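Come along and check each entry against the view.

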Amino acid sequence: MTPATTTGLAPRAVGTPHVRLEGRDKVTGAARYAADFPADGLAHGWIVTSTVARGRIASVDDLPALKMPGVLAVLHHGNAPRLKEDFAGTFGPDATTQILQHDRVPHAGWPVACVVAETPEQAREAAETLVVTYDTEPHDVDFRPGHPAAYTPDASPAGPGRAEKGDVEAELAASDVVLDAHYSTPELYHNAMEPHAAMAYWDDGRLEVVDTTQGAYATAQDLAQLFGLDPASVHLRSEHVGGGFGSKAQVRAHLILAVMATNLLGRPVRIALTRPQMFSLIGHRSRTAQRVRLGAGTDGRLRALEHTALSATSTLREFVEPSAAYGRTMYDANGHRTVNNVLPLDVPTPTYMRAPGEAPGSFAMECALDELAERCGLDPIALRARNEPSVGPVSGLPYAGHRLLDCFAEGARRFGWAERDPRPGVRRDGRWLIGTGTAASSFFTGVFPVTAAVTANADGTFTVRITAADIGTGARTALTQLAVEALDVEPSRVRLLIADSDFGNAWLAGGSMGTRSWGWAIRLAARELRERLALGAAVPADGLTVRSDTEQAVRALAAAERHAYGAQFAEVAVDPGTGEIRVRRMLGIFAAGRIVNPLTARSQLTGGMIWGLSAALHEEGIRDAASGALVNADLAGYHYAAHADVPAIEADWLDDPDPDDPVGIKGIGEIGAVGSAAAVANAVWHATGVRHRDLPIRPDRVLMPEQERAGHS
């Protein structure tokens with residue numbers, strides 16, 4: 001793997017801004033992504049997906065395709081290599097990996113065949129002529145509250161499906177002010193700039209894989225288990241990744257089929273997804289329907305908080321979008337109930353998408369709090385201040401840092417919140433109605449055990465090896481800065497190698513835990529190596545290496561509520577004649593631990609805020625009830641925020657190092673996307689006096705009478 005140069009880093013690297021070390025390679029085209037790697041004798045696969053939403057494959061007429069120029073094989077359920085049926089990978093049991101293992105079709109867009117040919121053009125032409133017939137069955141894509149198939153799962157990664165304390169109904173009955181409101185969010189899609197791609201081949205008894213993945217080690221381990229291979233015989237690299245956001249955290253169809261094809265043909269095979277295929281093969285954020293009930297005294301102090309969320313999952317694998325979990329750590333009440341329900345439908349399995357749970361959950365809860373503040377005659381920030389908990393509202397655990405109100409204070413000062421007229425619909429700028437809104441942000445601070453190796457080379461340089469992933473976040477740069485600090489050497493003496501499964505166990509780039517987990521391991525190894533050298537340890541010709549494993553240290557962390565926090569502010573302009581909404585400016589102030597690289601950190605935070613803006617006003621996957629398929633499975637029909645939609649946007653932070661982390665890091669990948677949609681929605685209410693509880697807030701919804709909007713929710 002080509003190492004990144006460290007030229008230009010300052011000796012006191014951490015906390016100072018630095019451009020991405022690989023930036024020049026990316027803008028000049030030298031950086032290699034999964035679809036860029038060459039191989040002798042490379043063949044190309046093209047996935048054929050189902051055109052029906054439920055049923056069985058009656059036949060695959062592959063003979064005509066096999067006779068077409070360049071076609072080498074047509075894989076389908078009748079001839080594909082067998083996979084481990086009871087596969088349970090990094091994220092648990094996963095039936096979505098059972099590609100071409102049976103004749104069942106669980107949703108529209110399910111892989112039913114794969115054509116392999118000498119060129120991608122030949123493979124595509126043959127795939128488009130392949131005739132697959134189906135015995136269809138009635139499908140159900142009807143997402144709605146009250147559906148009889150909905151249930152409460154026992155647990156998700158965010159905690160139990162149901163958590164409660166006190167008597168919610170009694171506290172609601174005793175409340176002076178009660179809010180009972182319903183909110184909804186649509187299907188949302190990742191759509192990273194780099195489509196998913198993988199290449200696989202055998203070399204001297206090892207399966208060599210190049211994949212676009214957020215975790216090379218985890219993906220290699222899962223792949224070995226799925227195909228019944230010795231884990232040591234699978235070597236996976238992922239040199240550069242053009243975005244992931246959760247969609248590249250698991251073994252996906254393109255990778256499985258590439259390995260199947262290379263096993264069958266004995267030559268390298270590459271498969272790259274098309275943009276439309278990414279809408280059914282890599283997961284998405286589920287639709288949600290949420291109900292929030294709040295009860296408070298006239299002073300705004302909460303007596304009751306209930307948040308019930310319903311999200312869609314598939315019939316293949318249970319995935320929970322834990323939207324209701326957001327309030328479990330944010331706001332206290334005597335009666336406190338949060339429930340995450342799921343509804344299995346004949347749709348592709350949802351997956352982790354930036355700020356899973358917190359992004360849609362904060363929209364509902366932060367809008368509900370804004371509504372409650374209005375009814376109590378309180379400023380929205382003052383209402384939150386009156387409900388600031390001293391310990392975890394449900395867990396009772398102490399907070400490991402809790403600077404939410406400090407974020408609001410600084411944000412309000414810089415945004416000019418004190419000059420705001422609280423009355424809605426009164427401020428104008430020509431034809432535009434002007435409004436401002438705010439919301440809180442929170443995302444948990446986690447850490448996973450990681451291994452790392454740091455080598456002192458005979459020439460006086462140092463090499464750091466860790467199976468980290470840089471998915472465009474600037475991880476290479478940040479980790480190099482951390483190594484330079486820990487070794488206390490000139491930056492030019494440090495070389496960082498990442499994204500190679502041979503480097504050992506490391507958590508993937510996800511959950512805002514990447515830099516925190518990797519940095520901890522690098523620091524431990526670098527500090528020990530530095531101490532050995534200080535004591536006079538000799539450096540042999542092949543180098544002196546120290547390896548670290550943070551498992552013991554991570555397991556020893558005391559139980560606490562660990563979170564990053566933020567305050568989001570937005571100003572919008574609404575044209576009441578056309579329904580057009582323009583976000584004029586946004587500000588986010590965050591308390592998110594020690595900031596390693598201010599330049600890339602600000603990029604992460606503002607990027608997340610733009611995600612929230614996009615979700616608030618633009619993004620919406622629309623599923624056709626008759627076919628069960630997504631109507632707008634491309635970037636022409638699936639709207640998202642473009643440059644013209646992004647206003648003056650600013651992100652900054654408070655000094656907030658984590659005392660229990662050796663580096664002081666918390667995590668910033670997700671928190672920018674939390675609360676920003678609610679801030680925009682609250683600003684739209686302030687501009688117009690009309691509440692919008694369903695995203696996106698399209699122009700037609702702005703123009704629609706409130707009674708009619710309620711009927712369409």
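Which element gives the largest share of the lining of the second largest cavity? I looked it up, and the answer is H14, with three residues. I keep in mind throughout that this is a predicted model.

**Entry: the second largest cavity**

I noted about 160 Å³ of space in this cavity. I counted 14 lining residues, and those closest to the centre are Leu188, Arg285, Ala359, Pro360 and Ala615. Two elements give two or more residues to this lining, helix H8 (358-376) and helix H14 (598-617). Sorting the lining of the second largest cavity by class, I got ten nonpolar, two polar and two charged residues.

**Entry: the largest cavity**

I then searched the whole structure and found four cavities of 30 Å³ or more. The largest of them has a volume of about 190 Å³. I listed 22 residues in its lining, with Thr96, Arg252, Ser280, Leu281 and Ile282 nearest the centre. Helix H6 (253-265) and helix H7 (278-281) each supply at least two residues of the lining of the largest cavity. By class, I wrote down eleven nonpolar, eight polar and three charged residues for the lining of the largest cavity.

**Entry: the second largest pocket**

Next I turned to a pocket. How much space lies in the second largest pocket? I have about 970 Å³ in my notes. Its lining takes in 45 residues, and nearest the centre I found Phe143, Pro145, Ser184, Arg287 and Ala289. I traced at least two lining residues to each of strand E12 (177-185), strand E17 (288-296), strand E18 (302-314), strand E19 (335-345) and helix H17 (706-712). The lining of the second largest pocket splits into 17 nonpolar, 15 polar and 13 charged residues.

**Entry: helix H15**

Last, I looked at helix H15, which runs over residues 676-688. From first C-alpha to last, the 13 residues of H15 reach 19 Å, close to the 18 Å expected at 1.5 Å a residue. Is H15 mostly covered or mostly uncovered? I found H15 mostly covered, with twelve of its 13 residues buried. Among the buried residues of H15 I marked Val680, Asn682, Trp685 and His686. I also asked what covers them, and the elements include H8, strand E21 (432-444), strand E26 (563-574), strand E27 (581-591) and H14.

How values were computed:
Residues numbered from 1 in each chain as written. Predicted model: local features only at pLDDT ≥ 70, side-chain atom pairs only at ≥ 80, totals over all residues. Heavy atoms only, no water. 1 Å grid on protein atoms, 1.4 Å probe; cavity = no way out; pocket = protein on both sides within 12 Å on 5 of 7 lines; lining within 4 Å. Points joined across faces, edges and corners; volume = space filled by probe spheres on them. Helix = DSSP H or I, 4+ residues; strand = E, 2+ residues; numbered from the N terminus. Nonpolar A, V, L, I, M, F, W, Y, C, P; charged D, E, K, R; others polar. Expected span 1.5 Å × (residues − 1). Buried < 20%, exposed > 50% of the residue type's maximum accessible area, 1.4 Å probe, protein only. Contact = heavy atoms within 4.5 Å.
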